[in-house]
Amino acid sequence: MTEFVTQSTPLAGDPPKRRRLFLLLAIIGLSVLALSSYLALASYFLRTEADQTPERAKFFASSIDDALTRLEHLPYVLSIDESTLEGLMTGDTAELNPILADIAVRAGAEFVYVLDTNGKTVASSNYQEADSLVGNYYTFRPYFRDAVTGGAGRFFAVGVTTGRPGYFIAEPVRDATGTIHGVVAVKIGFDDLSRALSVNGELALVADEQGVVLASSDPKLIYGYMSPLSDGNRRTLDEQQQFGEKTLFPLDWTPESERRARLDGTAYVWTKANLEQEDWSLHLLSEVRNSRRQALLYVAGGLMTLLVLTVAASIYRAAQLRSALTISNADRKRLTREIEERRIAEKKLESARTELAQKEQLAALGQLSASITHELGQPISAMRNYLVAEEIAADAGPNTLWPQLSGLVDRMQRIVDQLRLFGRTSAISTTSFPVQETVQAALQLVQHTAREAAIRLDVDMPDNPISVRGRPERFEQVIVNLLRNGIDATEGVEDGAVGLSMFEQDYKVVLKVSDNGHGLGDLDISDLSKPFFSTKPSGKGMGLGLAISGQIINEMGGTLHAENNSDRGAVFVIVLPKPDIANA
């Protein structure tokens with residue numbers, strides 16, 4: 001009996017062996033837990049993505065429908081205009097050219113043109129350009145044939161003259177007896193639509209009823225077809241010259257199920273939504289590996305947290321043992337330092353949580369602003385176009401027929417533009433541009449407002465061109481916001497003035513906008529840059545100008561600072577890196 005006990009106790013009583021066995025079992029258990037957690041999370045994220053994409057797909061499909069119908073009223077308005085009918089009946093259509101050019105600019109259309117019953121373009125908004133449509137025949141286009149027979153023409157095509165894709169809308173021009181004398185057509189550019197699809201960060205494409213991709217967030221997919229084209233479809237495309245000189249090519253597209261598909265060998269979560277305006281479909285694709293990567297990050301984060309907790313527990317236990325073995329001043333100082341470091345870490349963690357909450361609020365505001373711009377964009381555009389049409393019909397100058405109504409429409413458009421910029425979160429391409437030209441363009445936009453408010457604009461810029469890197473139209477929005485803020489701040493001030501100066505300093509470009517108004521008081525740039533914070537009275541602003549401006553300057557790698565002037569008023573300082581430093 002004694003011999004048996006002596007032979008069996010070494011394994012059970014040997015501490016090193018027990019520790020090694022425990023460590024091996026812990027590693028195996030942790031590996032099994034990590035693998036099962038990864039599989040469960042990957043499946044969960046895939047289901048979540050599949051549940052969320054239909055709503056996004058419907059939203060983008062609705063946005064495309066809105067873009068296609070944005071100007072559908074314009075051809076009809078022009079078709080019932082007496083000057084259009086008179087020009088077609090008399091053959092004297094030269095006077096229509098500048099009118100159509102002005103309407104195209106105001107309405108945001110690529111082309112506005114008039115054709116006679118033979119399909120010849122007799123007047124066009126681009127009559128002064130080298131690729132003018134005047135004199136060209138478009139009898140082969142379905143939108144012309146539909147309109148000249150009394151219907152409303154709708155058609156997507158690549159322009160045979162310009163080579164640019166667009167959506168064509170046409171209406172017949174009738175006299176009092178109903179006789180058709182010609183057609184009014186409007187072309188809506190499609191390049192902006194492809195750029196709009198790229199802002200969501202997912203792969204999105206729009207295909208027609210034959211499966212040909214008309215627009216996509218990936219330009220390389222445009223004009224590819226998702227299913228083989230029949231010989232009849234190819235003959236129809238050739239007769240209508242729908243895609244001009246563009247070459248159609250097959251896509252490596254394989255649907256695997258109702259919600260999964262492969263494109264160029266990559267697996268995607270696939271959601272399809274149909275458009276109402278045309279027999280087109282929108283395809284929203286989210287890579288499967290994104291969900292798997294997200295699950296892997298969660299598992300890695302959990303393992304790292306567990307490791308940190310284990311190490312922290314070991315350190316804490318060691319500290320307790322050291323404290324029990326010796327109570328010394330050195331140990332007390334070390335423990336005090338560790339407690340202080342932990343307190344600092346907790347403060348940083350709390351700060352990070354607060355920042356995350358603010359970002360979630362801003363994301364919600366961005367979604368809200370996108371919804372508002374989606375609902376208000378088309379009605380405002382229609383109101384503006386009706387006003388322009390009435391002004392043209394009355395031979396009145398811009399904003400002179402109903403100035404108060406025009407002012408209200410402009411005000412609503414500015415609010416919608418601010419919300420659209422505030423809701424944009426995607427990365428955008430940048431370029432090097434001269435600051436002086438952008439500043440001059442901004443000055444032209446605000447000089448009328450300054451003149452009406454009796455505010456003097458003082459500009460001091462060097463003669464030599466100075467360039468920075470970014471998006472010139474967005475930087476112009478910053479300058480306009482700062483100048484308008486200065487004009488508002490000096491309104492009612494005797495000898496009110498707003499100054500703008502620019503210079504180079506230490507490989508940086510410094511631009512200052514100052515005023516002699518009421519100043520900032522106790523506020524600083526962090527207060528002023530909060531979304532929807534405004535010191536203006538109700539109805540004067542939304543409090544988004546400086547928030548948007550700060551976001552734009554940050555994207556350009558610069559800083560925006562505000563302070564009170566030494567005598568009175570405020571000064572806003574923009575500091576931007578020069579292109580060679582920004583690209584270093």
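Trainee: Why is Glu473 called partly exposed?

Mentor: Its relative accessible area is 40%. Buried means under 20%, exposed over 50%, and partly exposed in between (1.4 Å probe, protein chains only). So Glu473, at 40%, is partly exposed. This is a predicted model: local features need pLDDT of at least 70, side-chain atom pairs count only at pLDDT 80 or more, and totals for chains, interfaces and linings use all residues. Residues are numbered from 1 along each chain as its sequence is written, and side-chain values use heavy atoms, with hydrogens and water left out.

Trainee: What makes Arg471 and Glu473 a salt bridge?

Mentor: A salt bridge needs a side-chain nitrogen of Lys or Arg within 4 Å of a carboxyl oxygen of Asp or Glu. The N to O distance here is 2.3 Å. So the pair qualifies. Arg471 is partly exposed, at 24% relative accessibility.

Trainee: How do you know that Glu110 and Lys187 form a salt bridge?

Mentor: Their closest N and O atoms are 3.4 Å apart, so they pass the cut-off. Glu110 sits in the loop between α5 and β1 (111–116) and Lys187 in strand β5 (residues 180–189), so the pair ties together parts 77 residues apart in sequence. Glu110, Arg164 and Lys187 are linked in a network of salt bridges.

Trainee: Why does Glu95 count as exposed?

Mentor: Its relative accessibility is 60%, so Glu95 is exposed.

Note on methods: Helices (H or I, at least four residues) and strands (E, at least two) are DSSP runs, numbered from the N terminus.
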